[in-house]
Amino acid sequence: NKFILAFFRDLFDHLPENVMIFIGSRSTPEIGLSRLVVNKQALILSSDDLRFSTAEATQFFSEAQHLWINEDELKSIYRQTEGWPAALQLFRLTLINPSVRKSLGDLGTYRPRELAEYLADNVLALQPPHIQEFLLKTSLLPRLCAPLCDAATGRSDSQEILVHLERSGLFLRSLDSNLRWFKYHALFSSFLSEQLRNASEDTVIEVHRRAAAWNRANNFYEDAVYHSVEIQDYGYAADVMNTWFTPLISVAQIITVERWYEHLPLAEIEQRPDLAIKIAYALVFLRRNQKLRPILEIRQRRKATGD
């Protein structure tokens, strides 16, 4: 409470120079740390400072006896854990099992059981119900900002919640200095989204649909396409692509056109002749002859019918 915080502020003001205090906390306590940092009397280590680098992760696994791990496996583990030491340790403990190695390419099919239990018992279950609901729903968003979260969840206080989560160390990090855009730790968001899918597939669909609409309205077309594809709303995705591909082609981002085109059923493209032309344009320049053939066949059929 405020009296305890005031006590620590007063304590720090009167500490002898030869005394050092270590504080471990999920959130930054309001004990005047900013002033202490400016006066070079305190050092704050964030979660990013505590993450393992690629080199440190390599050394960490090389020190494990009777464990042989190749470079591709290490890259997969590091990508999934983002250097989180606890997650790296859990993978190291379970890699003896051959089935674990086979699953490294798909985090959704395997996660160390201890890690899932840790997240459930020590993070999600300790939050108030409204925070739990917010975490579960927004876990479906690759990146988060308050207006997007408001649209996806139906709330109006997302900015306050996001700042609270970031300051509380709940596996959320800011992507900019203005605290506008955020991103969950990959393992945490994967765990949360799995919990939501198990609880309500209808909620998953609704969140993706709302997120797609908000991103489209705000010209974040790639995110809009992503959310539409996730729920197999290919018609909506095709409409967004039809708008989005025009500026992409104008700035020669034709590889992006190719990548997202591969997610669309040909039937959706056939219903949109102008979209077919844009895709064909990109594939011609990329010399993707095999991928171009179905698009040309669509054009030929439309000519034969006089459309």
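Predicted model: local features only at pLDDT ≥ 70, side-chain atom pairs only at ≥ 80, totals over all residues.
The largest pocket has a volume of about 1900 Å³. Its lining is made up of 45 residues, and those nearest the centre are Ile23, Ser25, Ile44, Leu45 and Ser46. Two or more lining residues come from each of the helices α1 (2-13), α2 (33-38), α3 (47-50) and α11 (158-167), and from each of the strands β1 (172-174) and β2 (182-184). Sorted by class, the lining of this pocket holds 22 nonpolar, 11 polar and 12 charged residues. Isoleucine 23 belongs to the loop between α1 and α2. Isoleucine 23 and isoleucine 44 are 21 residues apart along the chain, and their C-alpha atoms are separated by 9.5 Å.

Helix α12 supplies the largest share, 5 residues. The lining of the second largest pocket divides into 6 nonpolar, 4 polar and 4 charged residues.

On the surface, a nonpolar patch is formed by Ile4, Phe7 and Phe8, which together have about 280 Å² of accessible area. Phenylalanine 8 is located in helix α1 and is partly exposed, at 31% relative accessibility.

Most residues other than glycine have a negative phi. Glutamate 82 has a positive phi of about 55°. This residue lies in the loop between α5 (71-81) and α6 (85-94), and glutamate 82 is buried, with a relative accessible area of 12%. Asparagine 219 also has a positive phi, near 65°, and is placed in the loop between α13 (201-217) and α14. Whereas glutamate 82 is buried, asparagine 219 is exposed, with a relative accessible area of 52%.

The whole structure contains 11 salt bridges. One of them joins the side chains of glutamate 133 and lysine 137, at 3.0 Å from N to O. Both residues are in helix α9 (residues 129-138), where they are 4 residues apart, about one turn of the helix. Glutamate 133 is partly exposed, with a relative accessible area of 40%, while lysine 137 counts as buried at 16% relative accessibility.

A salt bridge also links arginine 288 to glutamate 258, with the closest N and O atoms 2.6 Å apart. Arginine 288 is in the loop between α18 (273-286) and α19 (289-304) and glutamate 258 is in helix α16 (residues 254-261), so this pair ties together parts that are 30 residues apart in sequence. Arginine 288 is partly exposed, with a relative accessible area of 31%, and glutamate 258 is buried, with 7%. Lysine 291 and glutamate 262 form a salt bridge through their side chains, at 2.1 Å from N to O. Lysine 291 lies in helix α19 and glutamate 262 in the loop between α16 and α17 (266-270), so parts that are 29 residues apart in sequence are tied together by this pair. Both residues are partly exposed, lysine 291 with a relative accessible area of 27% and glutamate 262 at 47% relative accessibility. Through shared partners, salt bridges join Glu258, Glu262, Arg288 and Lys291 into one network.

Conventions
Residues numbered from 1 in each chain as written. Heavy atoms only, no water. 1 Å grid on protein atoms, 1.4 Å probe; cavity = no way out; pocket = protein on both sides within 12 Å on 5 of 7 lines; lining within 4 Å. Points joined across faces, edges and corners; volume = space filled by probe spheres on them. Nonpolar A, V, L, I, M, F, W, Y, C, P; charged D, E, K, R; others polar. Patch = residues over 30% accessible without salt bridge, like charges linked within 9 Å, V, L, I, M, F, W, Y side chains within 5 Å. Areas by Shrake-Rupley, 256 points an atom, 1.4 Å probe, with all protein chains shown as cover. Salt bridge = Lys/Arg side-chain N within 4 Å of Asp/Glu carboxyl O. Buried < 20%, exposed > 50% of the residue type's maximum accessible area, 1.4 Å probe, protein only.
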